[in-house]
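Welcome! Here is a short briefing on one protein chain.

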Amino acid sequence: MAAESVTLRPVDEDDLPLLERFLTEPETAGPFQWYGYTDPRRFRQRWTENRLLGDDGGQLIVTAGGEPLGFVAWRKVVVSASTQCWNMGAQLLPEARGRGIGTRAQLQLVRYLFAHTPVMRIEADTEAENIAEQRALEKAGFTREGVLRGIVFRDGRWRDGVAYSVLRDDPLPADV
């Protein structure tokens, strides 16, 4: 079975209801990304300001077969007065999970960020219990750096995370 073709594209206004579902539907956000209800208008407000593409980060829609299935996002992390890197992640609709779409989308985002920004490092992190995302990051070329103890509060308790990174000079997989 051939891998589904995955593409990234800018967010259209018609995509905003899809993004809002991740903030209003626990089952859409999934077990590792649901942090309670938040203002779903935040995507619309940011889209109005900069179409979700700014100097400090952005979001792109993930599609397979032309169908929008989620998004990838990145944000600036200031490391020192002269150094920054990106922290990135992905979120997919439940029906898109487990098909390799997130792995391919994250690899495409890494290539995009290295091609269009001068950063040396891209970080990603996930909960220690999210084994599927850890595998996806490793398949996309990320290196596991370590465990971040008690880094995120979700569902009534503090949880450990796992930090990953990829450097500009690291070899990336040809395809996943």
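Let us begin with Thr117: setting aside neighbours within four places in sequence, Thr117 is in contact (heavy atoms within 4.5 Å) with Trp86 and Arg168. This is a predicted model, in which local features need pLDDT of at least 70 and side-chain atom pairs count only at pLDDT 80 or more, while totals for chains, interfaces and linings use all residues. Residues are numbered from 1 along each chain as its sequence is written, and side-chain values use heavy atoms, with hydrogens and water left out.

- Thr117 sits in the loop between α4 (101–116) and β6 (121–127); helices (H or I, at least four residues) and strands (E, at least two) are DSSP runs, numbered from the N terminus.
- With a relative accessibility of 18%, Thr117 counts as buried, a word that stands for under 20% relative accessible area, with exposed over 50% and partly exposed in between (1.4 Å probe, protein chains only).
- A polar atom of the Thr117 side chain lies 2.6 Å from the backbone oxygen of Leu113.

**Gly57**
- Gly57 belongs to strand β3.
- Gly57 is buried too, at 14% relative accessible area.
- Beyond its neighbours within four places in sequence, Gly57 is in contact with Leu52, Trp74, Arg75 and Trp86.
- From Gly57 to Ala3 there are 54 residues along the sequence and 29 Å in space, C-alpha to C-alpha.

**Helix α1**
- In α1 (residues 16–24), the residues Leu16, Leu18, Leu19, Glu20, Phe22 and Leu23 are buried.
- The cover over these buried residues includes α2 (26–29), α3 (41–50), β3 (57–64), β4 (67–80) and β5 (83–92).

**The whole chain**
- The chain has five helices and eight strands, in the order β-α-α-α-β-β-β-β-α-β-α-β-β.
- Its radius of gyration is 16 Å, close to the 16 Å that the globule rule gives for 176 residues, so the chain is as compact as a globular protein of that length; the radius is taken over C-alpha atoms, and the rule is 2.2 Å times the number of residues to the power 0.38.
- The C-alpha atoms fill a box of roughly 45 × 35 × 35 Å, taken along the principal axes.
- Buried residues make up 41% of the 176 residues.
- Of the contacts between residues at least 6 apart in sequence, 59% join residues at least 24 apart.

Note on methods: Polar contact = N/O pair within 3.5 Å; in protein donor to acceptor, adjacent residues only side chain to side chain.
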